[in-house]
Amino acid sequence: MTLTKEGFQAGQKDGITIAAGYFAVSFALGIAMANAGIGALPGFIMSFLNIASAGEYAATEVIAENDSYLQMALITLIANARYLLMSCAFSQKFSPDTPMVHRLLCGYGITDEHFAIAVSHSRFLDPCYLYGAMSLSIPCWAIGTALGITLGNILPIHIISALSVALYGMFLAIIIPPCRKQLSILIIVASSFLSSWLCGILSYVSSLSSGTRTILLTVLIAGIAAFVKPIGEDGQ
């Protein structure tokens, strides 16, 4: 295992753009939290410990509707399930002699963006590289959330409404590129939109809380996608 100052500085360099993006998105997330009645300090702690936009937004929706802790646990587990797979792949980037404490600390900082910059390295990963990226991105994520909560109570309503769209813009930025490359993904995403809309208007399903509907839709659509387009034994 190698721990170097150069690795930390390289991580900070690659983490600058991630930190900037995190700040903008977390600000919008903070506005959603303010609308749900979450204070700046709880929001800061929530973002600092989770670092998960989709998971935090889903949990915020559960809090806003005063749903149960069980629903929050389930929806957060489902929304963040991809990190389990990322962790398995990420573990292969470390030297076999990397201590468990470094593996756990790096595991705490796994996000889509951190995973992307880490797996691009062909050699074993220096944990300090990820520490460098985390040292900028995680504070920006947590501080941006707290500022969004605080300023969400001060800014004019039309500005708040405009900034709230940023979170949905991030989701669109995630799904549009793969949809353009693979027809199967486009069909699955379109089916997700249609299913979500139907669940909101059908008499029985619409009476369920949004958290319960999200859980059911996520499991159902993911199951159908895995059945229709399974990953082959060769990984393709």
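This is a predicted model: local features need pLDDT of at least 70, side-chain atom pairs count only at pLDDT 80 or more; totals for chains, interfaces and linings use all residues.
For context, a disulfide is a covalent bond between the sulfur atoms of two cysteines.

Cys199 has a relative accessible area of 14%, so it falls under the 20% limit and counts as buried. Cys106 turns up in the largest nonpolar core, where it is listed with the residues that have the most contacts inside that core.

## The main nonpolar core

That core has 33 residues. Along with Cys106, the residues with the most contacts inside it are Met33, Phe90, Leu125 and Trp141. Helix 8 gives the most, with nine residues.

Helix 7 has its own buried set, made up of His114, Phe115, Ile117 and Ala118. Which helices do the buried residues of helix 7 pack against? Their partners are helix 1, helix 5 and helix 8.

## Trp141 and Ser47

Setting aside neighbours within four places in sequence, Trp141 is in contact with Tyr22, Val25, Ser26, Leu29, Ser47, Ile51, Ala52, Ser53 and Glu56.

Ser47 belongs to helix 2 (residues 40–50). Is Ser47 buried or exposed? It's buried, since its relative accessibility is 0% and the cut-off is under 20%. Not counting residues up to four places away in sequence, Ser47 touches Leu29, Met33, Glu56, Trp141, Ala142 and Thr145.

## A nonpolar patch outside

Now for the surface. Phe23, Ile143, Leu147, Leu151 and Ile154 make up a nonpolar patch there, and together they have about 410 Å² of accessible area. Helix 8 (residues 127–151) is the top contributor to this patch, with three residues. Helix 8 is also the one that gives the most to the core, with nine residues.

Why does Ile154 count as exposed? Its relative accessible area is 61%, so it clears the cut-off of over 50%. As for its place in the chain, Ile154 is in the loop between helix 8 and helix 9 (157–181).

Technical notes. Residues are numbered from 1 along each chain as its sequence is written. Side-chain values use heavy atoms; hydrogens and water are left out. Patches are made of residues with over 30% relative accessible area and no salt bridge: like charges are joined within 9 Å, nonpolar side chains (Val, Leu, Ile, Met, Phe, Trp, Tyr) within 5 Å. Accessible areas come from the Shrake-Rupley method with a 1.4 Å probe; for residues, only the protein chains shown count as cover. A salt bridge is a side-chain nitrogen of Lys or Arg within 4 Å of a carboxyl oxygen of Asp or Glu. Helices (H or I, at least four residues) and strands (E, at least two) are DSSP runs, numbered from the N terminus. Buried means under 20% relative accessible area, exposed over 50%, partly exposed in between (1.4 Å probe, protein chains only). A nonpolar core is a set of buried Ala, Val, Leu, Ile, Met, Phe, Trp, Tyr and Cys residues joined through side-chain atoms within 4.5 Å. Contact means heavy atoms within 4.5 Å.
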